[in-house]
Amino acid sequence: MNATTPQAAIAVNRFGLGAKGDELAQANANPKAWLKQQLQPIKLSNSLYTSDYILTELAKYGEARRQAKKSKNAEAEFDKTNKERGKFLQNSYRGLSTDTFVAGLNSNNSVSWRLLDFFSNHFSVSASGPQMTAIASTLEREAIAPNLLGNFEDMLLAVTKHPAMIVYLNNERSFGPNSRIGKKGRGLNENLAREILELHTLGVDGGYQQQDVIELAKGITGWSIANPRKEDTVGFMYRSWGKEPGDRVLLGKAYKQEGMAQGEAMLKDLANHPKTANYVCSKLVKHFISDKPSPDLVNILVATWQKSGGNIKAVMNAMIDSDLAWQAQKQKFKTPREFVMSSLRAVGKKNIKPKELFFTLNTFGQQPMQAGSPAGYSDEQQDWDGANALMSKIDWVSLLARKSKANAEKVMQQTLNLKPSEHTYKSVVRAESRTQALALLLLSPEFLRR
Amino acid sequence: MKRRQFVKMLGASASLVAMQSPVLAAINKSSKKPAKIVWLVLRGAMDSLHTVVPVTDPDYVALRPKLSKAFKDELLPLDANFALHPSLKHLHSLYKNKQMSPVVAVGSGYPKRSHFDGQDYLESGLSTMNHDTGWLGRAMNQLELQPNSKALAVANSVPISLRDTNKVSSWYPTNLKDADESIYDSLMNLYQDDELLLSRLNEGLNTQQMAGENTSKKRAKFIDLARSCGKLLASDNGTDCAMLEFGGWDTHNNQAFRLAKQLSDLDSGIAALQQELGEHWQNTVVMVATEFGRTVKENGTGGTDHGTGGAMFMLGGAVNGGKVLGNWPGLKAEQLFAGRDLMPTTSTFSWIATVLQQHWQLSNADISKVFPDAKAYKVKLTA
């Protein structure tokens, strides 16, 4: 009856975004090899808004608002431009986030897309305020996706220089007290530097001190974004007149570089610091395998990280190769995004409209780019397994099942490796209607976990 | 029994019915109101013996020692041999007003016992399954009497019954929550070995109950769907055909309690439908069917398992009711289908065809397109 092995189901559901079509069958012959060949660069549509375009448009809207205020019919004009801008903000935010989601939904390399989701949450930015609403969704597309299978160092640099991160953590106006502009009263903002140390690299227990936060913050002073209205450029901009002059000491190491090179050198060292290897590898294992990462598995990843210079693809291959990642028991409770994604893939849905996606994820408390904290969304079961969450899932799944023509038995065969003797298998095939069978399958203990 | 013989037998008994009631096909009286049809599918297999109870059958009590004594109130008498479950008060009053007839020992011809396949079969009306076409959809295409009539599926997507016509739309109330009641029982069972999920489900249901009427969204109850369906059919927009679905009939355990509630919900739903239809009730036929019946013997958990022969209801102002239709085969071992199920003696599809012929005036040629394997009976079914 079940032609596929338990390993195939683990491959597509635990490592990937959930089985769709005949993926289980594809993975069956050699699940590990199948997973490794899934580590492919991610391709995103380039016909959509870029952060450069968005920032240019925002500057235009800013100008229009100023003009409107001056016009005869100020209130009405201002209202009108405000509405237009609001529409543009939502189009950018929802359009881009939905495009990313739908690309994952249809991807045949869903392991890479899970990895994108992981790093997007690792470098979490929130769509709060007009500017962040418009550009939050561009970070994962422009800074994370292109570096997904390369070295962590490159990803960290790309993210730290991306307008979304710079604006989100207020570095665009962080200037050295002894810089030219600092002498006119402008000062340091530690926000980005602190989160780089605490959340992006070493981790909160990474052994850094307040002095290290200040030193890193000074190292990246002047890392800012252009004002397209006044300056003939857009996006990341290094403002030398805001850079704190002089040598820096971070974690006991001196940095004598000048200009941008100083901050870059600091970030490269942080990316390759053993604590970073440990912190990111632990998070990876926690995300893919278990809320309580096995130290042995983490060590395997860390060793690979160090040998490969923080190469993410090599680290992923090491995780796939280790039998410790393939324990039979499902130890991860799906986050709402994972649950929605895997359900839609299971029933063969190929598209979802922004309104529906946002309504759904909002109901479940995991809207794209809305973690509200640079720490991102929780990756732990206890934050997602509440009674209310289950009731919402029951409603959502019931609706999905009623709208779907997918055959529950077939979907069960294509997603989970269940034996006919198992309780869920029996419950699904004995359900009182096809609709209920599909709902029960998607709400089963096996499907809620991976 | 081989499937072929089984189908043949259904055909044979058709003529039996015709002999008993040699009435010519009645032509729908030329009222100006459009002839309306409501098709209600009870998903999960309603137990016919507990609903239209064969009170005089000598084997009934022995086969169901507990269930036959589990009725909380007096049964509601129909004719000399049958009585209705006490929850069906409104249906009983319709029967007395000659606006309702149950059909006993009826079957679609589906010879196995899978809910899914049985429902697909009942909805497609074809002996070879095709999920893209349903009998009611095909009937809509043949409805020359009212060429502008439209059909409505009270569902989120068009069920098989109404597929294959472009005259159908689906509608589902947005002010209702999306899960219906029957899913919770099934989930309780599904989570029996999962402590965490089971406790979360209980917790969630308790909270929901406490919130109760305060929440703006209610669970989708059959009565709400039936009421909305009646409103839409009564509004003057050409909707003359509707399909409703009602789940929760798979009573493998605790049947007496569960059916009392299910049937009561069915009864009040029909009453609500009638009320909303208003004067249109007079030109409406409601057909109520389920995919198959249940075992004649009760099982060890106070329930019944999947069977074959079952019951259906014809009701509405346009029905010539007040009779128990069909032929009772008896409950002795040798009278049962496969030694365990009520033997179907007439065909669900032929009864439906009879309504289509008399109420929508479909010709024999039309009927053969709707049901290639079934013919209309010559019983006068509509008023």
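Tutor: Strand E1 and strand E10 (residues 239-247) of chain B are paired in the parallel sense, over seven bridges. Strands here (E, at least two residues) and helices (H or I, at least four) are DSSP runs numbered from the N terminus, and two strands pair if DSSP finds at least two bridges between them. This is a predicted model, in which local features need pLDDT of at least 70 and side-chain atom pairs count only at pLDDT 80 or more, while totals for chains, interfaces and linings use all residues. Residues are numbered from 1 along each chain as its sequence is written, and chains are lettered from A and ligands numbered from 1 in the order in which they are written.

Student: Which residue is the bridge partner of Trp39(B) in E10(B)?

Tutor: Met243(B) is the partner of Trp39(B) there. E1(B) also runs parallel to strand E11 (residues 284-290) of chain B, with seven bridges between them. In that pairing, Ile37(B) faces Val285(B) of E11(B).

Student: Is strand E1 of chain B mostly covered or mostly open?

Tutor: A residue is buried if 20 or more other C-beta atoms, placed from the backbone, lie within 10 Å of its own; it is exposed at 12 or fewer, and partly exposed in between. E1(B), residues 36-43, is mostly covered, with eight of its eight residues buried. Lys36(B), Val38(B), Leu40(B) and Leu42(B) point one way, Ile37(B), Trp39(B), Val41(B) and Arg43(B) the other, and all are buried. Over chain B, with its 383 residues, the buried share is 52%.

Student: How many strands does the open sheet have, and what is their order?

Tutor: Three strands of chain B form an open sheet in the order E2-E4-E3, with antiparallel pairing. E2 (52-53) and E3 (76-77) of chain B stand at the edges with a single partner strand each, so one side of each lacks a neighbour in the sheet. Two bridges link E3(B) to E4(B), residues 83-84, and Pro77(B) has Ala83(B) as its bridge partner.

Student: How many residues of chain B are in contact with chain A?

Tutor: Contact is a distance test: two residues are in contact if their C-beta atoms, placed from the backbone, lie within 7 Å. By that test, 32 residues of chain B are in contact with 27 residues of chain A. Helix H4 (115-124), strand E8 (176-180), helix H6 (182-190) and helix H7 (195-211) of chain B each give two or more residues to this side. H7(B) has the largest share, eight residues. By class, the side of chain B has 11 nonpolar residues (Ala, Val, Leu, Ile, Met, Phe, Trp, Tyr, Cys, Pro), nine charged (Asp, Glu, Lys, Arg) and 12 polar (the others, Gly among them).

Student: How many residues does the largest nonpolar core have?

Tutor: In soluble globular proteins, nonpolar side chains tend to be buried together. A nonpolar core is a set of buried Ala, Val, Leu, Ile, Met, Phe, Trp, Tyr and Cys residues joined through C-beta atoms within 7 Å. The largest has 137 residues, and those with the most contacts inside it are Ile144(A), Cys281(A), Leu301(A) and Leu441(A). Helix H19 (residues 387-403) of chain A gives the most to this core, eight residues. Domain 1 (6-25 + 331-448) and domain 2 (51-271) of chain A both give residues to this core, so it lies between them; domain bounds come from an automatic or database domain assignment.
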